[in-house]
Amino acid sequence: MSRAATLLACDWGTTHLRAWTLGDDGTVLKDRGFPFGVGRLSAGEAPQRLAEVRTALGAQGLPAILCGMVGSNLGWVATPYADLPADAADLAAGLVEVGDPAGRVRIVPGLRTPGFNGAGDVMRGEETQLFGWLAAHPERRTGRQVVCHPGTHTKWMVVEEGRLTAFCTAMTGELFAVLTKYSVLKSEAPAGDVTAFEEGLNAAGAGDALAARLFTARGRLVAGGRAPESASSYLSGLLIGADVATTPALIGIGLAEPVALLGDLELCAHYGRALASRGRGYEIFDGEAAAIAGLHALHHGSLGR
């Protein structure tokens, strides 16, 4: 006996959109990825694209809940940021409904904080994964948790008694992309050389003097005779190693605190190697499953209970 879909859930980022139709209990019935992230949309195009998603997944008329950069000034509508400290109930209270003739559509707000130096920091999308992860692991809503969401803009987060109290963004993934495409360190080789990655982790040292450490990616090829195809793996290890070594302390994360890695499993595994190299414990959790859990729980008003 087939189940009926009751919700269209979407994680709509800058480069792509991931969509799922869910049953009433949160079971995924259909899923699909689409190449039209908000960075590729023209003004006013978002409703049309969501209509295409509905057609592809047979989700006409279903209520929809969206998270990610679709709620930014690049997306459908700029939803207000909720301030830290924030819990799941604060996030649910900030849902913004937008007009769409095809069905009810709500967009999850982002979160903001003064940041480690008062200049400000923001997130969109990671908050839904975080609170979905907490919803799926109720025991983690008590005490203190350290969560890292690796990515283009890696988020380090502190959760206390179910409330997000601090986070910090590190542009680790974006630095890797820019350096491998446009700098003297450019490389088209995939970052799959484990030995070179480990060498990069070691080269990160304490994570200080990053500008000088980065040039070792050039020096090891020209003066050290390393294979050019190992360059991107080395650079990946160096950047991730420096991130792990330095960023947590900016928001008061102690050296001995274990880390929950939440996100893409392959990228989380790279961060896990970096954490292990520094003697820090970690667990890995699937970010997609957390996003689905968060969107489903927000829709049903169960987050924060």
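Does arginine 220 count as buried or exposed, and at what relative accessibility? Arginine 220 counts as buried, at 8% relative accessibility. The model is predicted.

## Salt bridges

The structure holds 15 salt bridges. In one of them, arginine 220 meets glutamate 199, at 3.0 Å from N to O. Arginine 220 sits in helix α6 and glutamate 199 in helix α5, 21 residues apart. Glutamate 199 is partly exposed, with a relative accessible area of 23%.

Arginine 18 pairs with glutamate 288, with the closest N and O atoms 3.7 Å apart. Arginine 18 belongs to strand β2 and glutamate 288 to helix α9, so this bridge ties together parts 270 residues apart in sequence. Both count as partly exposed: arginine 18 at 25%, glutamate 288 at 35%. Asp31 joins Arg18 and Glu288 in a network of salt bridges.

Glutamate 283 bridges to arginine 140, with the closest N and O atoms 3.0 Å apart. Glutamate 283 lies in strand β14 and arginine 140 in the loop between α3 and β10. Arginine 140 is buried, at 15%. Glutamate 283 is partly exposed, at 44%.

## Largest pocket

The largest pocket holds about 1,100 Å³ of space. Its lining has 33 residues, and Gly13, Arg124, Glu126, His149 and Thr152 lie nearest the centre. Strand β9 gives the largest share, three residues. By class, the lining has nine nonpolar, 15 polar and nine charged residues.

## Second largest pocket

About 420 Å³ of space lies in the second largest pocket. Of its 16 lining residues, those closest to the centre are Gly151, Thr152, Gly173, Phe176 and Leu267. Helices α4, α7 and α8 each give two or more residues to this lining. Seven lining residues are nonpolar, seven polar and two charged.

Notes: Residues are numbered from 1 along each chain as its sequence is written. This is a predicted model: local features need pLDDT of at least 70, side-chain atom pairs count only at pLDDT 80 or more; totals for chains, interfaces and linings use all residues. Side-chain values use heavy atoms; hydrogens and water are left out. On a 1 Å grid over the protein atoms alone, a cavity is a set of points where a 1.4 Å probe fits but cannot get out, and a pocket is an open set with protein on both sides within 12 Å along at least five of seven lines; lining residues have an atom within 4 Å of a point. Grid points are joined across faces, edges and corners, and a volume is the space filled by probe spheres set on the points. Helices (H or I, at least four residues) and strands (E, at least two) are DSSP runs, numbered from the N terminus. Ala, Val, Leu, Ile, Met, Phe, Trp, Tyr, Cys and Pro count as nonpolar, Asp, Glu, Lys and Arg as charged, and the others, Gly among them, as polar. A salt bridge is a side-chain nitrogen of Lys or Arg within 4 Å of a carboxyl oxygen of Asp or Glu. Buried means under 20% relative accessible area, exposed over 50%, partly exposed in between (1.4 Å probe, protein chains only).
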